[in-house]
Amino acid sequence: MADQRQPEPLRTEFPFLLPRGYVDAAGVVHRDGVMRLATARDELVPLRDDRVRENPAYLSVVLLARVITRIGTVTDVHAGVVEDLFASDLAFLQDLYRRVNAEGHTRAAVTCPNCRHEFGVDIAGGPPGES
C-alpha cells in the first residue's frame with residue numbers, strides 16, 4: 001500500500017533562545033524570540049541601504065532586523081536593536097538565519113564528547129522550561 005502520510009505544512013516561523021540575551025534600555029534581558037523565513041525582498045532591500053553600501057558587513061544587521069519578529073517583549077526589532085546584541089547572540093542569529101533559509105531546518109548534528117554518541121539537536125532552542 002502506498003504511503004498516505006500528509007506532507008508537513010510549511011514552517012515559516014522559528015522560535016529561538018539567545019545564548020546571552022538582548023538587554024533593553026531598562027536593563028531587562030530578553031532571550032526568547034521568533035525569526036520568520038526570509039523573502040527575496042528581505043534579501044534585496046538591504047542592498048539599497050546606504051549603511052550597507054558604506055559597510056557591506058552591515059548587511060547581516062539590516063537583514064536580521066527584517067526577519068526577527070520578536071525578541072522577548074520587544075516587537076519593534078530594528079537595526080538598532082540588532083546592533084545592541086552581544087556578539088555571541090549576533091553570531092547565533094546569523095547561523096540560525098543561514099540554517100533556516102539555506103538549509104530549511106534548525107537542526108545540527110552533534111557528538112557527545114564523552115561517549116562519542118552522535119545525535120541531532122534543535123539549535124533554535126525554545127522558551128525556558130520547554131523541551
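**Notes on salt bridges, sheet and surface**

1. Let me start with Asp 49: at 17% relative accessibility, Asp 49 counts as buried, because the cut-off for that class is under 20%. Please keep in mind that this is a predicted model. The partner of Asp 49 is Arg 51, and their closest N and O atoms are 2.7 Å apart in a salt bridge.

2. Asp 42 belongs to helix α1 (residues 40–44) and Arg 66 to helix α3 (residues 59–67), so the pair ties together parts that are 24 residues apart in sequence. Asp 42 has a relative accessibility of 2% and counts as buried, whereas Arg 66 is partly exposed at 30%.

3. A further bridge worth a look is the one between the side chains of Asp 32 and Arg 70, with an N to O distance of 3.0 Å. Because Asp 32 sits in strand β2 (residues 29–36) and Arg 70 in strand β3 (residues 68–71), this pair ties together parts that are 38 residues apart in sequence. Both residues fall in the partly exposed class: Asp 32 has a relative accessible area of 22%, and Arg 70 has 25%. For your overview, a search of the whole structure finds six salt bridges.

4. Three strands form an open sheet in the order β1-β2-β3, and their pairing is antiparallel. Strands β1 (13–23) and β3 are the edge strands; each has a single partner strand, so one side of each is left without a neighbour in the sheet. From one strand to the next, the twist averages 25°. As a reminder, strands of a sheet pair through backbone hydrogen bonds, in either a parallel or an antiparallel way.

5. Stepping back to the chain as a whole, you will find five helices and five strands. Read along the sequence, they follow the pattern β-β-α-α-α-β-α-α-β-β. Of the contacts between residues at least 6 apart in sequence, 50% join residues at least 24 apart.

6. How much of the protein chain is buried? Of its 131 residues, 32% count as buried. The protein chain exposes about 8500 Å², and carbon and sulfur atoms supply 53% of this area.

7. Last, please look at the surface around Phe 86. Together with Val 23 and Val 29, Phe 86 forms a nonpolar patch with about 240 Å² of accessible area. Phe 86 lies in the loop between α4 (79–83) and α5 (87–103), and its relative accessibility of 40% makes it partly exposed. The sheet strands contribute here as well: β1 covers residues 13–23 and β2 covers residues 29–36, so Val 23 and Val 29 of the patch belong to these strands.

Note on methods: Residues are numbered from 1 along each chain as its sequence is written. This is a predicted model: local features need pLDDT of at least 70, side-chain atom pairs count only at pLDDT 80 or more; totals for chains, interfaces and linings use all residues. Side-chain values use heavy atoms; hydrogens and water are left out. Patches are made of residues with over 30% relative accessible area and no salt bridge: like charges are joined within 9 Å, nonpolar side chains (Val, Leu, Ile, Met, Phe, Trp, Tyr) within 5 Å. Accessible areas come from the Shrake-Rupley method with a 1.4 Å probe; for residues, only the protein chains shown count as cover. A salt bridge is a side-chain nitrogen of Lys or Arg within 4 Å of a carboxyl oxygen of Asp or Glu. Helices (H or I, at least four residues) and strands (E, at least two) are DSSP runs, numbered from the N terminus. Buried means under 20% relative accessible area, exposed over 50%, partly exposed in between (1.4 Å probe, protein chains only). Contact means heavy atoms within 4.5 Å. Two strands pair if DSSP finds at least two bridges between them. Axes are lines fitted to C-alpha atoms, for helices over the stretch in contact, and angles run from 0 to 180 degrees between N-to-C directions.
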